[in-house]
Amino acid sequence: MTTETISISDASSLMLAAQGLAHLPPQPAEKKDVLATIRRLGALQIDTIHVVARSPYLVLWSRLGDYNPTWLDELLAEGALFEYWSHAMCFLPIEDYPLHRRMMLDGARGWGDVAGWLREHSELVDLVMGRIRREGGLRSADFKNGNKPPGGWWNWKDEKVALEHLFVQGELMIARRQNFQRVYDLRERVLPDWQDGLDAANVPSREEALQALTLQAVKALGVARADWVPDYFRLPKTGNAQRLEALANEGHLRRIEIVGLPGPAYIHPAADPVDQVQHTTLLSPFDPLVADRQRLKELFDFDYTIECYTPAAKRQFGYFTLPILHDGALVGRLDPKAHRAEGFFEIKALALEPGVEINDDLVAGLSTALRRLADWHATPELVIRRSEPEELAERLLAFPAPNG
């Protein structure tokens with residue numbers, strides 16, 4: 001039996017279409033489009049860096065264009081979404097809760113011996129749970145602890161550790177966010193209709209959950225080699241190749257080959273055909289398209305490192321560089337900062353990839369995307385400090401704004 005083959009270019013187009021990055025929607029975004037996009041992606045990674053809009057909001061903007069960021073917060077508070085560990089900490093569609101509940105029950109998420117820590121600190125756990133039962137949802141900041149000096153990410157007070165461990169176990173959920181701070185509440189209040197033991201169908205088996213998430217990962221990626229699949233939802237690598245083959249043999253996936261890349265690849269039967277890839281936008285460093293750096297190199301020939309964790313003297317491109325997507329190719333990157341109080345959007349540095357030609361189409365697409373991004377941040381003045389090549393900044397700024 002002959003295996004279907006596709007080119008790397010066709011594979012990248014399939015991925016862009018599946019990820020919602022082939023073109024902008026023809027109509028202005030509505031709240032339902034935010035939920036539909038998260039369902040399409042399967043998971044929307046959360047990150048707190050906000051030199052520009054925080055990553056989950058920016059990932060949505062890359063696909064939807066201008067939209068109201070409060071819609072994401074509302075969908076969480078309304079129960080259409082929930083938060084949990086997936087690729088990392090993510091917003092997830094509520095209909096996928098049973099799959100992730102299996103991970104909670106199996107202790108497959110979190111760090112260290114969560115159950116052991118909770119047993120050893122049972123008095124503190126009772127105190128934290130008691131306050132939430134009596135007072136309703138609470139933030140970490142609502143628990144005062146004078147014994148912990150201020151510090152970095154992991155210098156958490158014991159109450160914060162308790163909240164996080166109870167969250168990992170699923171006893172607490174995130175009811176909403178308040179100024180982006182999590183509000184923890186009891187699972188039975190956030191998800192009142194959920195009962196683990198009501199009937200066995202509520203929670204799938206471990207293998208059923210892994211199969212479902214594997215299928216979701218392939219569908220979200222559009223096309224996937226076996227080694228691209230586990231990282232999408234941080235699934236175990238052991239057994240992954242065999243699971244994909246079994247799903248293909250059962251007709252749940254279509255087996256193909258990508259010319260120039262080793263091993264079999266897979267396409268979900270529901271994958272949309274690609275008609276045209278015509279979209280210029282900026283991508284978050286945590287965008288699911290770029291999150292797997294090796295896959296990004298293999299499929300888009302783009303080497304990328306987020307440099308916010310690199311000492312300033314060793315940075316090559318900037319603190320929070322955003323990849324530039326233009327008509328199916330990653331053509332460069334730029335280091336932005338939204339100066340919200342002053343009303344201007346700064347591009348500290350912009351660099352095109354070697355060999356990328358500066359033509360009218362690129363200038364029009366990138367200039368329009370930058371001005372729309374600046375307007376969406378309510379920082380309408382666009383400033384470009386430096387670009388490589390030098391002429392690019394001048395041409396981008398000279399291009400007419402979208403509305404005039």
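**Charge, fold and a local strand arrangement**

The protein carries 45 positive and 57 negative side chains. The centres of these two sets lie 5 Å apart. The model is a predicted one.

Secondary structure comprises 15 helices and 15 strands. The radius of gyration is 22 Å, close to the 22 Å given by the globule rule for 404 residues, so the protein is as compact as a globular protein of that length. The C-alpha trace spans about 65 × 65 × 40 Å along its principal axes. Of the 404 residues, 54% count as buried.

Strand β9 covers residues 264–267. It pairs with strand β7 (residues 224–225) through two bridges. These two strands run antiparallel. Within this pairing, Arg225 has Ala265 of β9 as its bridge partner.

Strand β9 also pairs with strand β8, which covers residues 254–258. Four bridges join β8 to β9, and the two run antiparallel. Here Arg254 stands opposite Ile267 of β9. Strands β8 and β9 form a hairpin with five residues between them. In this hairpin, Gly260 adopts a positive phi near 95°.

Notes. Residues are numbered from 1 along each chain as its sequence is written. This is a predicted model: local features need pLDDT of at least 70, side-chain atom pairs count only at pLDDT 80 or more; totals for chains, interfaces and linings use all residues. Side-chain values use heavy atoms; hydrogens and water are left out. The radius of gyration is taken over C-alpha atoms; the globule rule is 2.2 Å times the number of residues to the power 0.38. Buried means under 20% relative accessible area, exposed over 50%, partly exposed in between (1.4 Å probe, protein chains only). Lys and Arg count as positive and Asp and Glu as negative; His and the chain ends are not counted. The place of a charge is taken as NZ of Lys, CZ of Arg, CG of Asp or CD of Glu. Two strands pair if DSSP finds at least two bridges between them.
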